[in-house]
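Colleague: Please put the model up, and let us go through it briefly.

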Amino acid sequence: MNYIYYPGCSLHSTGKAYAESVQTVFRALDISLEELEDWNCCGATSYFSMDETEAFALAARNLELAENQGGNGGVNLIAPCAACYLVLTKTQHYLTTYPDIKQKVNDALDKVGLHYEGKTSVRHPLDVLVNDYGLDKIAKRVTRPLKGLKVACYYGCQVVRPYATFDDAMYPTSMDRLVKALGAEPIEWPLKTRCCGGSLTGTIQEAGLRLSRALLLDAQRRKADILVTCCPLCQHNLECYQGRINRKMKDHIDLPVAYFTQLMGMALGLEEKELGIHRLFIKPRVAVSAQKKGEPAHV
Amino acid sequence: MILPTPILNETTRGFRSEKKKVVRRIKYEAELDHDFGEHIAAHAYGERLMSCIQCGTCSATCPLSHYMDYTPRKIIAMTREGFKEEVLNSLTIWLCASCYSCLVQCPRQIHITDVMYALKREAIAQGHYPRRLPIPVLAKAFVNQVRRNGRNTESWLLVTLYLRTNPFKMLKEAVLGLRLFLAGRMSLKPDKIKRRKELTTILNAVEAGKGASIS
């Protein structure tokens, strides 16, 4: 099975560090990632508010391009962004369940010589790392265990709901188990799949910020040293608005928010620059300061 | 059916104790749009909409229900009964952040998130949404950008959004924008695909295939 990489628009801008860390970690584990050639926007949530069939056609073009690029044996399309992952899995689900939508989409794709068959499986890097590569193998590659580091694993909504099959929709554990394999300590956290506000932080901020705030306060109350996430929008919301939340609501939140792949890269002893750590506004100081070459990390 | 009190209803906004308006709280059967529910159920591929048992699990699990003028459970009841105007003008459908909690917990497996999308599409198509609300503006700007470039560029999307809704907000966001830019997390260069014509052909074909009836 081939792995084809679908970055999505966010990983080209706000989520740049996510793109860097995913690629660096996969390279370090010798999993080859080939980028999908001429991929287009998945459509995200906004496109579904305007036109459903067009949204499905957009996503289907990507699925179909992956099918062609991957050859006959079937292909794994890796989508690190939560919104992309959701839209691609949703499109597959709908095209399989409703032949009339599939027909409409294929009629449109046929015009440019493409045809959706449904041979692509859409995968999230978390799923690939935990279930294909395996936690035992990851644990063996750890050179700087993150001993004593308390990690709040935040999955957000769209990686686990509603079409993902690799973990529970409300209380997933993949990332927690991964973090444990890195030597760190995941906190018990019932809010791990509660919405961070999504794009509401940019549109209806009074509601959006409150949602992010609830997560940050609770993670801090549970003594997390760092929050790690697997979605570029969640990372942006939870990191970039901490100052604003503190000012508006008189809180004292100061919690580093990184991508799970960045934390993983640190435990594997990879170069910080290649993991995009320098792009974070709040440096994951505990994890980093604990790391000295050749020494196991501890707090 | 008794209408719940909307928080941001134009007619009730801002009245204080000294000045009260008499508003009819009951809607007559004849004023309802009886096809609305069926229409939405067909759009959302939400055949199961009609089987809702009004248990309220969706409202309980929704992280945004306390900001909504009608909870998700009420929206479903009102959609089914034909309260078209109230539903399309509600803030609820726009506050839905697509977290899909309700969908996975619904005991009747109603695709509530998709019902919300269908309602958003209907509201945009009929120009029926609360004025100056940024979310439909964002959706339109997003779609235009993707149609043009095949990808979206977050920086330009936000600039368009603020220019069309609240230019003052752009100043407020300028500091954050600059920090993101300096960290290499935002770029002004539009991201484009190579085969833009191919994409346009696909999208136009979808448009043409729809005919006049469904949006």
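Modeller: This is a predicted model, so local features need pLDDT of at least 70 and side-chain atom pairs pLDDT 80 or more, while totals for chains, interfaces and linings use all residues. Residues are numbered from 1 along each chain as written, with chains lettered from A and ligands numbered from 1 in written order.

Colleague: What does the domain assignment of chain B give?

Modeller: The bounds come from an automatic or database domain assignment. Over C-alpha atoms, 28 Å separate the centres of domain 1 and domain 2 of chain B. The assignment gives domain 1 (29–125) and domain 2 (134–208).

Colleague: Which element gives the largest share of the side of chain B that touches chain A?

Modeller: Contact means C-beta atoms, placed from the backbone, within 7 Å. By that test, 52 residues of chain B are in contact with 47 residues of chain A. Helices here are DSSP runs (H or I, at least four residues), numbered from the N terminus. The largest share, 9 residues, comes from H11(B).

Colleague: How many residues of H7(B) are buried?

Modeller: H7(B) has 14 residues and reaches 20 Å from first C-alpha to last. Buried means 20 or more other C-beta atoms within 10 Å of the residue's own, all placed from the backbone. H7(B) is mostly covered, and the buried count is 13 of 14.

Colleague: Which residue just after H7(B) takes a positive phi?

Modeller: H7(B) is the helix at 112–125. The phi just after H7(B) is about 60°, and the residue is Gly127(B).

Terms used. Contact = placed C-beta atoms within 7 Å. Helix = DSSP H or I, 4+ residues; strand = E, 2+ residues; numbered from the N terminus. Expected span 1.5 Å × (residues − 1). Buried ≥ 20, exposed ≤ 12 C-beta atoms within 10 Å, placed from the backbone.
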